[in-house]
Amino acid sequence: MGNTARRIRPVVAARFALTVMLAAVAVAATAVLVIALRRGASLGEAWAEVAGAYPGLAAVAVVIGAGTLTLLLVFSPPAGRWGLGWRSALAGYAGLIAAALSLLLLTEWLPGQPGAAGGAAVIAAAMLGFTLAGGPLWIGLIAVLLGRTALLPAGIGKQRLSAAQRTRFGTVLIVAGLGAAALVTAGAYLVAVHGGLGYACSVEGPFSPLGAVSERAGVVSGSFSWWPLGRTCTWDAASGSGTVLATSGWGNTVFVAVLLGVAAAGIGLRTRPTAAELGT
């Protein structure tokens, strides 16, 4: 079942698996924080949203995911980074399904209220959302990066990628990075223009404390901005002369920049020569 003769001690495997799952939860919490800030929430409101995002379910996902990854590493130790990545992605799905089942247990099965939380659709929606958000890719990347540290013994998950493996991995990163960046950009545009830019500015903002507050038409005009990415609103100044510019923040821009960085890393993997090509 394993693809290497070298075994991993259960304690070492458990330490690595727990670190991977906690890192994945930290990345997810950061994503929730960025999304909340992008919607215009204050830092305190954003932190409250992160803290209120079902911490009990996250704990279940971490425990079950770490346990699954530990078993996979002990009974099927990977020789290369690809094996380390797909095992971690599989453990991520196991943790997600366990968290969804625990939600159904607490809201439907124990109280005897079938369908109160959505039934089996909750599990399907969680798996679909996890997949579309690139969860398997991100958790696999986290595992590969952590596998390069002292958390795993030498020779486990540290072998160089072959030229074919590196090309495939680079292609995955390029497609995922560019695809997700395009989706975020399209989503930012649709949100910005929803209901008309002028109307959206007057109702949803972004607002400026220096702008005029009035019910009359023409106080604000809106436009779509590429830098920063999102809606820009030009308000009549409260002072009575000139205008004030308000932007929707840098959350979308930073997110897209990170995704483009992922695509750039993929390009680097595909184009960087191997040791054999360098003659070493």
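This is a predicted model: local features need pLDDT of at least 70, side-chain atom pairs count only at pLDDT 80 or more; totals for chains, interfaces and linings use all residues.
Trainee: What makes up the chain, in terms of helices and strands?
Mentor: There are 10 helices and three strands. Going along the sequence, the order is α-α-α-α-α-α-α-α-β-β-β-α-α.

Trainee: How much of the chain is buried?
Mentor: Of the 280 residues, 39% are buried. As for the surface, the chain exposes about 15200 Å², and 71% of that comes from carbon and sulfur atoms.

Trainee: What share of the contacts is between residues 24 or more positions apart?
Mentor: If you take the contacts with a separation of 6 or more, such residues account for 68%.

Trainee: Why is the pair Cys-201 and Cys-233 called a disulfide?
Mentor: The cut-off is a pair of cysteine sulfur atoms within 2.5 Å. Here the S to S distance is 1.9 Å, so the pair meets the definition. The structure holds one disulfide.

Trainee: What parts does the pair tie together?
Mentor: Cys-201 sits in helix H8 (residues 197-204) and Cys-233 in strand S2 (residues 229-236), so parts that are 32 residues apart in sequence get tied together.

Trainee: Why is the disulfide called left-handed?
Mentor: Because the torsion about the S-S bond of Cys-201 and Cys-233 is about -90 degrees.

Trainee: How do you know whether Cys-201 is buried or exposed?
Mentor: Buried means under 20% relative accessible area. Cys-201 has 0%, so it is buried. Cys-233 also comes out buried, with a value of 0%.

Trainee: What makes helix H6 largely enclosed by the rest of the structure?
Mentor: Look at residues 135-147, which form H6. Of its 13 residues, 11 are buried, so the helix is largely enclosed. Among the buried ones are Pro-136, Leu-137, Ile-139 and Val-144.

Trainee: How does the reach of H6 compare with the expected 18 Å?
Mentor: From its first C-alpha to its last, H6 reaches 18 Å, close to the 18 Å expected at 1.5 Å a residue.

Trainee: Which residues form a nonpolar patch on the surface?
Mentor: That would be Leu-101, Leu-105, Leu-106, Trp-109 and Leu-110, with about 520 Å² of accessible area together. Leu-101 belongs to helix H4 (residues 81-109).

Trainee: Why is Leu-101 called partly exposed?
Mentor: Set its relative accessible area, 34%, against the cut-offs. Buried is under 20% and exposed is over 50%, with partly exposed in between. A value of 34% therefore makes Leu-101 partly exposed. A patch residue needs over 30%, so the 34% of Leu-101 clears that cut-off too.

Notes: Residues are numbered from 1 along each chain as its sequence is written. Side-chain values use heavy atoms; hydrogens and water are left out. Helices (H or I, at least four residues) and strands (E, at least two) are DSSP runs, numbered from the N terminus. Buried means under 20% relative accessible area, exposed over 50%, partly exposed in between (1.4 Å probe, protein chains only). Contact means heavy atoms within 4.5 Å. Accessible areas come from the Shrake-Rupley method with a 1.4 Å probe; for residues, only the protein chains shown count as cover. The expected span of a helix is 1.5 Å times one less than its number of residues. Patches are made of residues with over 30% relative accessible area and no salt bridge: like charges are joined within 9 Å, nonpolar side chains (Val, Leu, Ile, Met, Phe, Trp, Tyr) within 5 Å. A salt bridge is a side-chain nitrogen of Lys or Arg within 4 Å of a carboxyl oxygen of Asp or Glu.
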